[in-house]
Amino acid sequence: MAYGIQIEVWGKYALFSRPEMKTERVSYDVITPSAARGLIEAVYWHPGLKYLIDSIYVCNPIRFTNIRRNEVSQKISASNVREVMNGKNAPLFISASEAIQQRASLVLTDVRYIISAHFEMTAKANADDTPEKFYAMICERLKGGRHFSQPYFGCREFPANVRLFDGALPPPPEDLLGKKDLGFVLYDMDYSDPKDIRPMFFRATMTDGMLNLKDCGVVS
């Protein structure tokens, strides 16, 4: 038996980066299923369960804004770390003042979603783990506003508020009425082969603000 939950998430900014945009970051129109799963895992994660996103309901109009952020132009090299471990005298840090650069991002603003999900037990569950136990723990943490790590919308600079949702869906924004084709959207990453991790995409169709992810036709 699969236990379902609904959560309401909201925040000032969100950035779910499109992989086809290389230099400047551009967000998808809506939160991706993998990002939605990450929000729930920030509240409660256990190797004995697996979250599956059933639907995403967009409560607010889809609005974008441009921002600029300070970033660094490099990352710590694994080969450099190995050389230091073997006795080479070299710095193991990035100087932000030297490697700083500004990058523009097209981000979502004033986002609010209602995410419906369920979880299934995995082979890594302990003998005394039960779906009822996990469901009670998830609801308790959501009601108490607790989480293992800060939930965020795509980037850690954009924190997300998360709470348990129990009620009727609000009416969709006027500009989201009808059916809208959002094109191909990232669904998740396929980690079944650690040596060949593949992205999975689906053709996103939103109807009256609702993105139904059941049988959405995932391709990799």
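**Notes on aromatic pairs and a buried serine**

1. Let me start with phenylalanine 158, which counts as buried because its relative accessibility is 5%. Please keep in mind that this is a predicted model.

2. The ring partner of phenylalanine 158 is tyrosine 13, with the centres 5.8 Å apart and the planes at 50°, so the pair is tilted. Tyrosine 13 belongs to strand β1 (residues 3–14), while phenylalanine 158 sits in the loop between α4 (131–144) and β6 (161–164), 145 residues apart. Tyrosine 13 has 26% relative accessibility and therefore counts as partly exposed.

3. Next, have a look at tyrosine 187 and phenylalanine 202, an edge-to-face pair with 5.9 Å from centre to centre and 85° between the planes. Tyrosine 187 is part of strand β7 (residues 179–190) and phenylalanine 202 of strand β8 (residues 198–207), so the pair ties together parts 15 residues apart in sequence. Both tyrosine 187 and phenylalanine 202 are buried.

4. The aromatic pairs number eight in total. One aromatic cluster is formed by Tyr44, Tyr51, Phe119, Phe134 and Phe148. Over the ring of phenylalanine 148 sits the charged end of arginine 141, 4.0 Å from the ring centre.

5. Is serine 27 buried or exposed? Serine 27 counts as buried, because its relative accessibility is 1% and the cut-off for buried is under 20%. You will find serine 27 in the loop between β2 (25–26) and α1 (33–43). Its side chain reaches the backbone nitrogen of phenylalanine 16 at 3.1 Å. Leaving aside residues up to four places away in sequence, serine 27 touches several residues, including Phe64, Leu106 and Val107.

Conventions
Residues are numbered from 1 along each chain as its sequence is written. This is a predicted model: local features need pLDDT of at least 70, side-chain atom pairs count only at pLDDT 80 or more; totals for chains, interfaces and linings use all residues. Side-chain values use heavy atoms; hydrogens and water are left out. Helices (H or I, at least four residues) and strands (E, at least two) are DSSP runs, numbered from the N terminus. Buried means under 20% relative accessible area, exposed over 50%, partly exposed in between (1.4 Å probe, protein chains only). A polar contact is a pair of N or O atoms within 3.5 Å; within protein, one must be able to donate a hydrogen and the other to accept it, and residues adjacent in sequence count only if both atoms are side-chain atoms. Contact means heavy atoms within 4.5 Å. Rings of Phe, Tyr and Trp (its six-membered ring) pair if their centres lie within 6.5 Å; planes under 30 degrees apart count as stacked, over 60 as edge-to-face and the rest as tilted. A charge sits over a ring if NZ of Lys or CZ of Arg is within 6 Å of the ring centre and within 35 degrees of the ring normal.
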